Amino acid sequence: MDNAKEPDRSALIRAKLASGELPNAKPEKVWGGKGTGQRCSGCGRPITAADVEYEVDLPAARLAMRLHQPCLEAWDQQRTNFPPKDFPRKMDAA
Ligand SMILES: [Zn+2]
């Protein structure tokens, strides 16, 4: 239960939501799997094979991101605090 309180992680994800670096769109699909060493979109640390990696599909933001489980939870809890934003990097916006 070490993950119950991680203000750094929570603050980092909150800041990324505020800056738009992380989307606040509702995920369409979330897959869990074994980490492959890729960086977490939330905390920026690698998701190792000892961690569970969650791949989050965000069609509204036209991207997928990978998160640790606690990062996913922090993101999912906090994203609703931010008003919906347009995603300026939509690929189909001419
Ligand atoms: Zn993370």
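The model is a predicted one, in which local features need pLDDT of at least 70 and side-chain atom pairs count only at pLDDT 80 or more, while totals for chains, interfaces and linings use all residues. I number residues from 1 along each chain as its sequence is written.

I then followed the strands and noted that 6 bridges join strand 2 to strand 3, which run antiparallel; two strands pair if DSSP finds at least two bridges between them. The open sheet has 3 strands in the order 1-2-3 with antiparallel pairing, and its edge strands, strand 1 (29-34) and strand 3 (63-68), each pair on one side only.

Next I checked helix 2, which packs on the sheet by touching strand 2 and strand 3, where contact requires C-beta atoms, placed from the backbone, within 7 Å. The direction of helix 2 makes about 120 degrees with that of strand 3, on axes fitted to C-alpha atoms, for helices over the stretch in contact, with angles running from 0 to 180 degrees between N-to-C directions.

Last, I listed contacts of Cys40 and, leaving aside its neighbours within four places in sequence, found Arg45, Ile47, Arg66, Leu67, His68 and Cys71.

Note on methods:
Two residues are in contact if their C-beta atoms, placed from the backbone, lie within 7 Å. Helices (H or I, at least four residues) and strands (E, at least two) are DSSP runs, numbered from the N terminus.
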